[in-house]
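Let's take a walk through this one together, from charged pairs to the sheet and the packing around it. Keep the viewer open as you read.

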Amino acid sequence: MKKVLFVLTSHEDLGNTGEKTGFWIEEFAAPYYLLKDKGVEVTLASPKGGQPPIDPKSATADFETPATVRFNDDKETQEILAKTLVLSTVNQADYAAVFYPGGHGPLWDLAEDKNSIALIEAFYNNSKPVAAVCHAPAVFKNTKNADGTPLVKGKRVTGFTNSEEDAVQLTAVVPFLVENMLKNNGGIYSKKDDWNPYSVDDGLLITGQNPASSELVAELLLDKLK
């Protein structure tokens, strides 16, 4: 059985707004169930371990999907989620791939987290897929190739668009914009119209534009695992 590591954010404060953030339920649940239903074993980790913060907006009826409904009724998965491993204890050798769900949280912690950066580089250097959706491509802000160039340089990537960030009125709140960062790091960035499903696969890197792209990313990852 293939084993995949999911890395979730531990960051819950939405900048200085006084509001909460975290990971986006659909971006965790849709890939989690798609992989699990295909017999993939999924392990969960986060920088602080334990229960990662859930973006409260992602739990509202407006953002309900079949995967979020399933998650809400799934006590077993909720209990697994409450006990994520501490990221620093995780070894890439134990897994076939790594997946990063989005939500705004990763912009603050995982983009700068030394354990996450080292882990991504280790997966990549061992020819294992690295996947990220929506805001989670933020994790490529500081990841490097062996020659010191940005990991995404010259690679086809996508991620949450500047116009989508504008639409949710958080452009002035976030520490950086995913689209701009990927372009500044030399990524060959592309996108579809806001909120449309879109995923890009370039060798070992798999990225998705927004929450609606979560399953597409997981399908591409599943293909790589075969």
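**Salt bridges, sheet and core**

Let's start with a charged pair: Asp 13 and Lys 20 join their side chains in a salt bridge, with N to O at 2.7 Å. Keep in mind that this is a predicted model, and that every distance here comes from its coordinates. Asp 13 has a relative accessible area of 35%, so it counts as partly exposed. Lys 20 has 40% relative accessibility, so it is partly exposed too. In total, the structure holds nine salt bridges.

Another of these bridges ties Lys 141 to Glu 112, at 2.6 Å from N to O. The pair links distant parts of the chain, 29 residues apart: Lys 141 is in the loop between β5 and β6 (156-157), while Glu 112 is in the loop between α4 and α5. Lys 141 is partly exposed because its relative accessibility is 27%, and Glu 112 is partly exposed at 37%.

Next comes Arg 156, whose side chain meets that of Asp 202 in a salt bridge of 3.6 Å, N to O. Here, too, distant parts of the chain are linked: Arg 156 sits in strand β6 and Asp 202 in strand β8, 46 residues apart. Arg 156 has a relative accessible area of 43%, so it is partly exposed. Asp 202 comes in at 17%, which is under the 20% cut-off, so it counts as buried. Going back to the opening pair, salt bridges with shared partners also bring in Glu 12, so that Glu 12, Asp 13 and Lys 20 make one network.

What about a charged side chain that has no such partner? Asp 113 is buried yet has no salt bridge, and the nearest side chain of opposite charge, Lys 114, is 8.6 Å away. You'll find Asp 113 in the loop between α4 (105-108) and α5. Leaving out residues up to four places away in sequence, Asp 113 touches Pro 47 and Leu 87.

Now for the sheet. It is open, has seven strands with mixed pairing, and reads β3-β2-β1-β4-β5-β9-β8 in order. Why do β3 (85-86) and β8 (199-202) count as edges? Each has a single partner strand, so one side of each is left without a neighbour in the sheet.

Further in, β1 pairs with β2 (residues 41-46) in the parallel sense over five bridges, and Leu 5 stands opposite Thr 43 in β2. β1 is mostly covered, with four of its five residues buried. Moving along the order, β4 and β5 also pair in the parallel sense, over three bridges, with Phe 99 opposite Ala 131 in β5. The pairing of β8 with β9 runs antiparallel and is made by four bridges. Val 200 stands opposite Thr 207 in β9. These two strands form a hairpin with two residues between them, and Gly 203 in the turn has a positive phi of about 65°.

If you like checking backbone torsions, there are two more spots to look at. As a rule, most residues other than glycine have a negative phi. Gln 169, however, has a phi near 60°. Gln 169 is in the loop between α6 (162-167) and α7, and its 70% relative accessibility makes it exposed. Trp 195 also has a positive phi, about 70°, although it is not a glycine. Trp 195 lies in the loop between β7 (188-189) and β8 and is partly exposed at 40% relative accessibility.

Finally, the packing. α5 lies across β1, β4, β5 and β9 (205-208), running at about 140° to β4. The largest nonpolar core has 34 residues, and those touching the most other members are Leu 5, Val 7, Tyr 100, Leu 119, Phe 140 and Leu 182. At least two core residues come from each of β1 (3-7), β4 (97-100), α5 (114-125), β5 (130-133) and α7 (178-184). α5 gives the most, with four. Apart from this core lies another, of 31 residues, including Leu 8, Val 42, Ala 67 and Leu 225.

Beyond its neighbours within four places in sequence, Leu 182 is in contact with Pro 137, Phe 140, Val 152, Val 157, Thr 158, Gly 159, Gly 187 and Tyr 189.

Note on methods
Residues are numbered from 1 along each chain as its sequence is written. This is a predicted model: local features need pLDDT of at least 70, side-chain atom pairs count only at pLDDT 80 or more; totals for chains, interfaces and linings use all residues. Side-chain values use heavy atoms; hydrogens and water are left out. A nonpolar core is a set of buried Ala, Val, Leu, Ile, Met, Phe, Trp, Tyr and Cys residues joined through side-chain atoms within 4.5 Å. Buried means under 20% relative accessible area, exposed over 50%, partly exposed in between (1.4 Å probe, protein chains only). Contact means heavy atoms within 4.5 Å. Two strands pair if DSSP finds at least two bridges between them. Axes are lines fitted to C-alpha atoms, for helices over the stretch in contact, and angles run from 0 to 180 degrees between N-to-C directions. Lys and Arg count as positive and Asp and Glu as negative; His and the chain ends are not counted. A salt bridge is a side-chain nitrogen of Lys or Arg within 4 Å of a carboxyl oxygen of Asp or Glu.
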